[in-house]
Amino acid sequence: MGVDEARTLAEATRDGDLAVLVVDDEVWIAEELALGLEDAGLAVTIATSTAAAQAALETAPEIGVVVTDIRMPGEDGLSLVRRLVMNRPEAQAIETVVMTGHATIEDAVAAVRAGAFDFVRKPFTLDEMVAVARAARSRAAAKRQAARDRAAKAVRLAAAEAAREDAQARDPLTGLPNRAGFAAHLAAVAAEAGPGADDFAVIAVDLDRFSALNEAAGSSVGDAVLRAMAERLRSAVAPGWTLGRIGSDEFAAAGPGCPDEAAALAVAERMRAAVEQPVAHPAGPLRLTASLGVAQGAGAAAPALDVAARIAGNVARHDGGGRCILFTPAMQHAAERRLTILRDLRHALGRGEISLVYQPIFRIADRRLQGFEALMRWSHPTLGRIPPAEFIAVAEDGPAILDLGAWALREAARQAAAWRRGGTGRPPYIAVNLSGRQLEGQDIPALFRDTLQQEDLPPEALVAELTETVAFGRGAAAMVGALRALGVRVALDDFGAGFSSLGILGSLQVDTVKLDRALLAHVATDARERRLLTGLAGTIHALGLHIVAEGLETEAQFAVARDAGCDAAQGWLLGRALPADAATALVVGRG
């Protein structure tokens with residue numbers, strides 16, 4: 001029985017209102033008994049056959065007790081009892097009292113087995129029947145109340161479960177559907193979409209560099225920004241659209257009304273413009289940008305469109321952010337390749353697929369070997385050689401970079417120790433690159449200390465290289481100080497490739513600055529570039545730092561780097577990255 005039906009019966013048949021139906025084929029007996037029960041305060045209805053009784057029960061839900069003769073023409077009283085007891089829902093419970101003038105033990109047993117509440121033998125006193133009828137009414141009322149209580153409990157439990165499911169599918173900060181809620185909406189859209197409906201679109205929104213804002217301004221400011229973005233994005237889409245917050249700094253919107261990609265892209269541009277409006281803040285307006293991925297197609301493919309939109313959003317983010325990009329099938333291929341790399345990267349070390357190669361670094365004055373930079377290579381069983389920039393970028397999006405970084409340090413230290421045991425005069429150092437994720441997730445000074453101890457190496461055997469991005473990270477200065485306290489030299493890598501600032505050279509106590517290839521690409525042909533390089537080298541030397549020129553490919557570049565005052569150099573002109581055996585041969589040969 002449904003909840004609404006149970007509630008209706010509960011309102012219509014309260015305990016004290018239950019009536020008695022007297023069933024007897026002898027009318028005078030039925031009428032006399034009815035009068036006596038009515039005088040006792042009971043509501044009574046009369047039926048002179050089981051068919052009439054059934055009709056009365058179907059139209060009068062307030063009947064809670066049936067007093068019936070055991071033997072009547074047609075269907076007897078026991079059959080009626082069985083039907084009433086066995087087929088009656090608890091919320092409409094009826095108790096039956098069987099009466100007869102020819103009682104036997106067998107009749108009594110049969111009545112009990114049929115489910116009768118009591119068995120009364122004629123002749124009986126009115127008081128006796130009133131007492132039995134009242135007791136039967138109380139039993140019926142109790143059963144009905146219990147059924148009502150169960151129905152009410154079921155309603156409460158259903159409401160609580162619905163509230164729980166809604167809370168699980170909703171973001172508590174913005175009140176929007178979370179990833180699970182948004183996915184459920186898309187699944188419902190796909191299930192309900194009619195054939196030929198191809199005006200659906202999904203747009204993924206990733207707030208650019210939100211984590212940096214959240215870290216700098218605090219989580220309370222970050223939460224306020226997210227709430228503001230939720231309201232703006234909700235206003236930017238049509239009323240029939242659904243907006244969700246599917247990640248810490250990710251939103252997604254989906255809806256109809258986009259018959260082609262241009263229409264979907266127009267919605268995305270409105271959303272991008274909404275994000276870029278300044279957010280008021282006591283310290284000054286906050287300005288954000290967003291990377292948006294757009295996918296348009298049939299509503300029946302809504303979940304697939306969601307995946308496509310997020311793939312396009314990742315492309316927009318990797319392209320610099322602050323833009324909307326439409327999904328293309330080529331992006332799917334790239335995403336599948338990335339997924340393969342991410343999946344297989346977890347096992348690559350254990351399978352021996354990752355190796356180190358060593359690019360030599362030479363002193364410029366006499367081209368004498370000084371050290372090597374250790375670089376990772378991955379030979380994938382099906383994809384072949386995967387460029388380091390590709391698989392390291394994937395690794396840095398998760399914990400894999402921690403294992404790779406620690407392994408690279410141990411492997412480089414093992415090679416450095418082997419060269420020292422080989423008696424090659426003054427052994428070259430090996431520089432090892434550090435990732436920003438390592439700075440966040442590992443105790444790098446302890447990792448270097450333990451590795452040096454395990455290989456019985458002096459600290460000058462290793463150099464820690466970090467990029468400007470890592471150098472600007474929180475805790476970088478303390479890490480650099482701890483490494484130098486161990487005696488490990490620190491190099492600032494790729495200087496000039498990004499937002500280079502000479503100020504960082506004063507605040508971060510590194511030993512070496514490695515000039516990015518971009519600073520030397522045109523020095524052989526551009527006088528301004530040569531003057532810039534010379535001035536930069538002079539400033540760096542004034543700070544007491546060593547300079548390595550990276551990416552040298554021609555003798556002309558080498559000459560300019562030498563004349564500018566660079567101390568060392570590396571690049572294809574001087575030597576490509578070498579496997580361990582070839583690097584060992586170079587170390588032995590130069591000795």
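Begin by selecting D69, where UniProt, in an unreviewed entry, places the feature "modified residue: 4-aspartylphosphate"; such positions follow the numbering used here, feature names are shortened, and annotations may be inferred rather than shown by experiment. The model is predicted, so that local features need pLDDT of at least 70 and side-chain atom pairs count only at pLDDT 80 or more, while totals for chains, interfaces and linings use all residues. Residues are numbered from 1 along each chain as its sequence is written, and side-chain values use heavy atoms, with hydrogens and water left out.

D69 is found in strand β3, residues 63-69 (strands are DSSP runs of E of at least two residues, helices runs of H or I of at least four, numbered from the N terminus). With a relative accessible area of 8%, D69 is buried (under 20%; exposed is over 50% and partly exposed in between, with a 1.4 Å probe and protein chains only).

Next, select A268 in helix α10, residues 261-276; A268 is buried as well, at a relative accessible area of 0%. Leaving aside neighbours within four places in sequence, A268 is in contact with I203, L292, V294 and C324 (heavy atoms within 4.5 Å).

Finally, show helix α11 (residues 302-318) with helix α12 (residues 329-348), which pack at about 85° with their axes 10 Å apart (axes are lines fitted to C-alpha atoms over the stretch in contact, and angles run from 0 to 180 degrees between N-to-C directions). The pair α11 and α12 is therefore roughly perpendicular, a term for angles of 65 to 115 degrees. I311, A312, V315 and H318 of α11 meet M331, Q332, A335 and R338 of α12.

Conventions: Parallel < 35°, antiparallel > 145°, perpendicular 65-115°, else oblique.
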